[in-house]
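Keep the sequence and the 3D view open side by side.

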Amino acid sequence: MATSPAGAGRPKTRGIVLDHIRAARTISRIELAAVTGVTPATITQVVRELMAHGLVVEVGRGASTGGKPPTLLQLNPHARYAVGVLFERNSCVIVIVDLTGRQVARTSFPGTALLPPEQALSIVASRVEALIGAAGVDRGRVLGVGLATYGPQDRQTGVLLTHQPTAEWFEYPVGPRLSELLGLPVLLDNDAAAAAIGEHWLGAVEQDTFGCLYMASGIGGGVVVDGEVYRGVSSNGVEIGHITIDVNGGRCDCGNYGCLGNYADPSAVIKQALEDSSLGRRLGLDPADTDVMTAFGRVATAAGAGDPAARGLVEGSARHLGTAAVTMASLFDLDLIVLAGPSFAAAGSIYQSVIEEEVQRRTFARRAHPVRVVTSVSGSDAAAIGGAVLVLQSELAFLELDARA
Ligand SMILES: [Zn+2]
């Protein structure tokens, strides 16, 4: 149904128009009316308003379909920015993206280890401030911060519902506190869901429905359906690291038994490497070391370089992740699974080939359609970029125009 001109000033109509311009990169007013179902008169009015505020610019003319060639519109990349933070105990990535989702600045640091929330978030806040300053971005144009991290979490209130990495983090209001420190809106989101939407927004994944297996220090999953992250009831869905792969397995911290993560995540791989004293010595692994990502990186590098023991461990982990990929593809009827996150980036090709092999061999729907397994193009940054993109999506959907532009 077409929207009446009276709806032009409504933030929701603006958000829809902005999102279509973003997705198309360049588009004419006539095409906008056709894809949005909004009347041409309303489109003209909304576009005029968006141009007056510097959010949309005209960029030449498109192909003629008989009459005068239509003027093409695109988003003004410098009109607004969003910050994305991947927050992991042993690895943090901060990015700034412009209004089109293009990355304009990036920094990373080795995480905040076991520091209590107050100290850890102060470090994150100061790093965000420093990056905004270094990038020369007008702070008044920053829409907010997307904080992508592990779950379970209460996305609505910005609270973590986990004792990781220490008990002090349980029910700590990470979102509201970081927002207070920065004076910017902060959206808390699941790292795997953020990585999935980041891949989609960047155009790395051309289809609108796909699955994402995510591995940092833990294993998670995200499923994008028709361009939107599948949220479930509480945004704690697709926790593929906590599916049972051994019904007789030990109890996991989550309460379930025999969870995938306990057999296949980086901590499990390091534990197995330490049980092989010769491998542990060769790689310089220290049982007291809490830096999981660096130790896993050593095993992954050795595996890639052909160390048979290291390779055996990484392949074992990959077989278990293959089970997760088969499960995900069968549950959601997917034909594409993207491997994202810092741990896949560290040992990408081994995981990709083993997981693909398992999926080809075991997926229920393989007779109906092929299922591809690909490695993320944005590597360890996918979740941070996705975090920023979720801010753009959320803020632009109900954008209030003001004097900033
Ligand atoms: Zn579990």
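Is glycine 146 buried or exposed? The model is predicted, and the answer is computed from its atoms. Glycine 146 has 32 other C-beta atoms within 10 Å. A residue counts as buried at 20 or more, so glycine 146 is buried. This glycine is found in strand E7, residues 142-149. Leaving out residues up to four places away in sequence, glycine 146 touches Ala82, Gly84, Val85, Leu187, Asp189, Ala194, Gly387, Ala388, Leu390 and Val391. Proline 116 and glycine 146 are 30 residues apart in sequence, and their C-alpha atoms are 20 Å apart in space.

After H6 comes glycine 203, with a positive phi near 80 degrees.

Helix H1 spans residues 11-24, which makes 14 residues. From first C-alpha to last it reaches 20 Å, close to the 20 Å expected at 1.5 Å a residue. Its buried residues are Thr13, Arg14, Ile16, Val17, Leu18 and Ile21. They pack against strands E1 (27-28), E2 (56-61) and E3 (71-75). They also pack against helices H2 (29-36), H3 (40-52) and H14 (382-397). Just after H1, arginine 25 takes a positive phi of about 70 degrees.

Next come helix pairs. Two packed helices are described by the angle between their axes and the distance between the axes. Helix H8 (residues 266-275) and helix H10 (residues 292-304) have axes that come within 9 Å and cross at roughly 60 degrees. That angle makes H8 oblique to H10. The crossing is left-handed. On the H8 side, the contact uses Pro266, Ser267, Val269, Ile270 and Ala273. On the H10 side are Val292, Met293, Ala295, Phe296 and Val299. By class, this contact has 9 nonpolar residues, 1 polar and no charged.

H8 also packs with helix H11 (residues 308-332), at an angle of about 145 degrees and with the axes 10 Å apart. Here the crossing is right-handed. Val269, Gln272 and Ala273 in H8 meet Leu313, Val314 and Ser317 in H11. This contact holds 4 nonpolar and 2 polar residues, with no charged ones. Val269 and Ala273 take part in the contact with H10 and in the contact with H11.

Last, the backbone. Most residues other than glycine have a negative phi, and most peptide bonds are trans. Which bonds are cis here? One joins glycine 151 and proline 152, with omega about 0 degrees. Proline 152 lies in the loop between E7 and strand E8 (153-154). Another runs from glutamine 164 to proline 165, with omega near -10 degrees. Proline 165 sits in the loop between strand E9 (159-160) and helix H5 (174-182).

The loop between E9 and H5 also holds glutamate 171. Its phi is positive, about 65 degrees, although it is not a glycine. With 13 C-beta neighbours inside 10 Å, glutamate 171 counts as partly exposed. Aspartate 226 has a positive phi too, near 50 degrees. It lies in the loop between strand E12 (219-225) and strand E13 (228-229). Aspartate 226 is exposed, with 7 other C-beta atoms within 10 Å.

Note on methods
Residues numbered from 1 in each chain as written. Predicted model: local features only at pLDDT ≥ 70, side-chain atom pairs only at ≥ 80, totals over all residues. Helix = DSSP H or I, 4+ residues; strand = E, 2+ residues; numbered from the N terminus. Expected span 1.5 Å × (residues − 1). Buried ≥ 20, exposed ≤ 12 C-beta atoms within 10 Å, placed from the backbone. Contact = placed C-beta atoms within 7 Å. Axes fitted to C-alpha atoms, helices over the stretch in contact; angles between N-to-C directions. Parallel < 35°, antiparallel > 145°, perpendicular 65-115°, else oblique. Left-handed = near helix turned anticlockwise from the far one by under 90°. Nonpolar A, V, L, I, M, F, W, Y, C, P; charged D, E, K, R; others polar.
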